[in-house]
Amino acid sequence: MKKKFITGALITISIFSTVFLSCKKYADPPPYFEDDIDSTSVASRRVLLIGIDGAVATEYKKMALPALNGLLAHSKFTWEGISDDVTTDAASWKTLMTGISYIKHKVKDSTFIYEAPPGGDPHGGAPANYPSFFSYILSSPNGNMRTSFISPWNTMVNRLVPEVLDQVIAAGDQGVKDSALSRIKNGNPEFMVLNFNSPAIAGKAGGFSADDAGYKSAATKIDGYINEIMTALKARPEYNKKEEWLVIVNSTHGGTGNGYGGSSLDESGAFSIYYNENFKPLELTKEGAYVGAFLSGNGNTAVKAVMSDPDAYNPGTGPMTIELKVRGERKSGNWPAFISKKGPFEGSSSLLGSADPGFVCYSSGSNDANFVVRSASTGNTKVEGGTTAILDAVNWHTLSIVFRQDSAGKQWFKFYNDGIFQDERDMTSWGTITSTAPLVLGFARADDAAWYTGLNVADVRIFNVALSGKEVADNICLADIKKHPKYANLTGYWPCSDGFGDRFLNHAPGAVNKDFILKNAFSWANVAQLPCSFPPLNDPNKRSMQLANSGVAATVFYWLRLPTKDAWGFEGSKWLEDYEIEFIK
């Protein structure tokens, strides 16, 4: 029988009223429920969401905690998920509770107020209001849902989720556990969110490592709490009968060293466990997946990627090799650039002008088969050749540009398409090609109508040495960059498959502040056609998919059978519907 929640103090709620922004907190008495006359025999979908602060995915996987591991036999899970590119507590929980990533909500500190970046938001627009998804539940057909949010952090409870009916500020993680058990054993909860934060506290004290005794102890204690909570949940008389529970255990963010807040893999990585008694086990992995940002458009609104350090990666007179994989289709115009480091021609904004130093690479020819490298400083000079299509809308192609200086002091460059030599030129007389303009992926010519229907880039590599033709050909499909024979000379490496944030992160050793920043209205999307350096997944017990914490909201609404609106901007998908045969009765 469906129940209605009644608090210890009488609270009158008017429909569509503003909700509890200054709600007083009382002691946490045992909840009392009364029968609802609108009882129904339809199975009730319910959610328990457990967020663990400071839970580093790789370290938790290494610890193999018994309660979490015990869930996996009936879970869709990943150890390779994404929290966000800003991993403060406030940013991480804002992402989790809104279904919107930091790049849009811009909440970073404990004020839970939008923080405009220095110099304004490079992605444009005034700050939008992104409320917690509980606000949408209030206005849904199931607006009387019994919701609970239990956390030791009073500021978050008050400011992030004021729409929750049952708000509890607990005394530490044990208080969170005890309050949850009280509701599960004595009440009739429908949607509960629990926040455990002791692993984050322990990580800051001793390090975010399974080898640190304090960190492992905190993680183990929370695992024990989860075991108690799951035992109580399964003891409910209607569990897995009239109550269909989806239990989600999620790390809100990780940590590195003794801190967190940044975008390193240990900070931004997350594990996610989606448990239901009827689920068959399935691990979700980034293996065999390419999640890229589509570069498109032209002019001031073009989606492109711009190097954060404008002085980085000038060929100069020294050796350098630039490699990248491209996949796309030209929409209109001539000579659309896919990579460039060159300012405009004096008196014009054309990248093809001869008076400004630098280089630009673009496709040419009626079938986009020519790969062109143009370097302009003392003359209108270029190398053009090749017969293999570059932009055929289907296939990936690997393009390699090698700058070198011979023993006589002459400067040369040669280029390859898919490891096949195309042309070589003596560029000694061309003068300097050093440019103050930043390195750009995608559209870069302000005066040109040439652009792409869409362009993906991947596996961008820069070496401070001239690769030989054999080194180019042998390694275009190398999956592990650390096995490259010239890995010690790698100064820039961008897989361009980050799947989150506003940049292509530089994974080269020692590369600091040399990321490609994505500009304008970009979005991340899975691309079915994989670059050859991204090997396909051949394990039937796994699925290629990258989960992000911003997608939890969409999954919760799907499970609760609640309608969503595009205007809310939820970033996830209804991926669980692919497995409905397992759990729909």
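Which helices and strands each supply at least two residues of the lining of the largest pocket? In this predicted model, they are helix H1 (57-63), strand S4 (75-82), helix H10 (265-268) and strand S23. The mean pLDDT of the protein is 84, and 82% of its residues reach 70 or more, although pLDDT stays under 50 over residues 1-27 and is below 50 over residues 345-352 as well. The points below take up confidence, then the pocket and a cavity, and then some individual elements and residues.

**Confidence**

- Over residues 1-27, where pLDDT stays under 50, the model has 48 contacts beyond four places in sequence.
- The stretch of residues 345-352, with pLDDT below 50, has 24 contacts in the model beyond near neighbours in sequence.
- Where pLDDT is low, the predicted coordinates should not be read in detail.

**The largest pocket**

- The volume of the largest pocket is about 1,400 Å³, and of the 50 residues that line this pocket, the closest to its centre are Leu265, Lys286, Pro495, Asp498 and His507.
- Strand S4 gives the largest share of the lining, with 4 residues.
- By residue type, the lining of the largest pocket divides into 22 nonpolar, 15 polar and 13 charged residues.

**The second largest cavity**

- The model holds 2 cavities of 30 Å³ or more, and the second largest cavity contains about 40 Å³ of space.
- The residues that line the second largest cavity are Gly316, Thr317, Gly318, Phe403, Arg404, Gln411, Trp412, Met427 and Ile433, and they divide into 4 nonpolar, 4 polar and 1 charged.
- Strand S18 (397-405) and strand S19 (411-417) each contribute at least two residues to the lining of this second largest cavity.

**Strand S14 and its partners**

- Strand S14 (residues 337-342) is mostly covered, with 6 of its 6 residues buried.
- On one pairing, S14 runs antiparallel to strand S15 (residues 358-364) over 5 bridges, and the bridge partner of Lys341 in S15 is Phe359.
- S14 also pairs in the antiparallel sense with strand S21 (residues 440-441), over 2 bridges, and here Ser340 has Val440 of S21 as its bridge partner.

**Helix H12**

- Helix H12 (residues 552-559) is largely enclosed by the rest of the structure, because 8 of its 8 residues are buried.
- The buried residues of H12 are Val552, Ala553, Ala554, Thr555, Val556, Phe557, Tyr558 and Trp559.
- Just after H12, Arg561 takes a positive phi of about 60°.

**Two further residues with positive phi**

- Cys496, although not a glycine, has a positive phi of about 65°, and this residue is found in the loop between strand S23 (490-494) and strand S24 (503-504).
- Is Cys496 buried or exposed? With a relative accessible area of 0%, Cys496 is buried.
- Asn513 lies in the loop between S24 and strand S25 (516-519), and its phi is near 55°, a positive value in a residue other than glycine.
- Asn513 counts as exposed, at 62% relative accessibility, whereas Cys496 is buried.

Terms used
Residues numbered from 1 in each chain as written. Predicted model: local features only at pLDDT ≥ 70, side-chain atom pairs only at ≥ 80, totals over all residues. Heavy atoms only, no water. Buried < 20%, exposed > 50% of the residue type's maximum accessible area, 1.4 Å probe, protein only. pLDDT = per-residue confidence, 0-100. Contact = heavy atoms within 4.5 Å. Pairing = 2+ DSSP bridges. 1 Å grid on protein atoms, 1.4 Å probe; cavity = no way out; pocket = protein on both sides within 12 Å on 5 of 7 lines; lining within 4 Å. Points joined across faces, edges and corners; volume = space filled by probe spheres on them. Nonpolar A, V, L, I, M, F, W, Y, C, P; charged D, E, K, R; others polar.
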